[in-house]
Each structure stands twice: as C-alpha cells, then as structure tokens.
Amino acid sequence: MTNRRHGVLYTGVTADIAARVTQNRTGKGSAFCRRYNCVRLVLEEPHDSIDYAIAREKVLKSWKRAWKIESIEASNPEWDDLYDRING
C-alpha cells in the first residue's frame, strides 16, 4: 500500500485483503498506514499458504526501495489503486 505514486510503501500480510484495505482506508488498520495515510493498494500477491505469504512478506520487507518500486511498476505502471478490483 502507499499514500501516492513513489510515496511511502507498506507491506503486510492478511487472509482477507479486501477487509484489510478497508480497515487501512478508514483508519482502523495498521498504525503505520494511519500515520502515513497509506490508503492505496498498488500491488497484491495472492498465496495459497499463509506460511508462504509470511515468508514472502519478510523477503519483500528486506528488499531495497528501488526493487519494490520496480515490482510495483512491472505489474501496475500507473500505480492505480487496485481496491475496486479486489473488492468487486
């Protein structure tokens, strides 16, 4: 999640992405998202296993910022908010 294109980046794990994004958008989710107004979902990676998702989150959090931006722009070059796509 982010607050704007090339803005603050937040990486997290959840079993219900639509609910988690809604929480972050309404200020009831992550304190980090609330503090930095990270309300735009710009990348999601669905996984079949919560264990794999947590491991992947740890890997992503260790990445350099430039790598995270490259990953976002590879699948979402305009940094569109994907919330409507997952909340449909």
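User: Is Cys38 buried or exposed?

Analyst: Let's start with the terms: buried means under 20% relative accessible area, exposed means over 50%, and partly exposed is in between (1.4 Å probe, protein chains only). Cys38 has a relative accessible area of 0%, so Cys38 is buried. A word on the source: this is a predicted model, where local features need pLDDT of at least 70, side-chain atom pairs count only at pLDDT 80 or more, and totals for chains, interfaces and linings use all residues. Residues are numbered from 1 along each chain as its sequence is written, and side-chain values use heavy atoms, leaving out hydrogens and water.

User: What is the mean pLDDT of the chain?

Analyst: pLDDT is the predictor's confidence in each residue, from 0 to 100. Where it is low, the predicted coordinates should not be read in detail. Here the chain has a mean of 95, with 99% of its residues at 70 or more. Helices are DSSP runs (H or I, at least four residues), numbered from the N terminus. Confidence is lowest in helix α5 (residues 83-87), at a mean of 87, and highest in helix α4 (residues 65-75), at 97.

User: How many disulfides are there?

Analyst: A disulfide is a covalent bond between the sulfur atoms of two cysteines. The rule looks for a pair of cysteine sulfur atoms within 2.5 Å, and the count comes to 0. Cys33 is in no disulfide: its nearest cysteine sulfur belongs to Cys38, 4.7 Å away. With 1% relative accessibility, Cys33 counts as buried.

User: How many aromatic pairs are there?

Analyst: A pair of aromatic rings is described by the distance of the centres and the angle of the planes. Rings of Phe, Tyr and Trp (its six-membered ring) pair if their centres lie within 6.5 Å; planes under 30 degrees apart are stacked, over 60 edge-to-face, and the rest tilted. The count here is 3 aromatic pairs. One of them, Tyr10 with Phe32, is stacked, at 5.8 Å centre to centre and 25° between the planes. Tyr10 lies in the segment before α1 (17-25) and Phe32 in helix α2 (residues 31-36), so this pair ties together parts that are 22 residues apart in sequence. Phe32 counts as partly exposed, at 34% relative accessibility.

User: Which aromatic pair is edge-to-face?

Analyst: Trp63 and Trp67 form such a pair, 6.3 Å centre to centre with 80° between the planes. Trp63 is partly exposed at 23% relative accessibility, and Trp67 is partly exposed at 41%.

Notes: Helix = DSSP H or I, 4+ residues; strand = E, 2+ residues; numbered from the N terminus.
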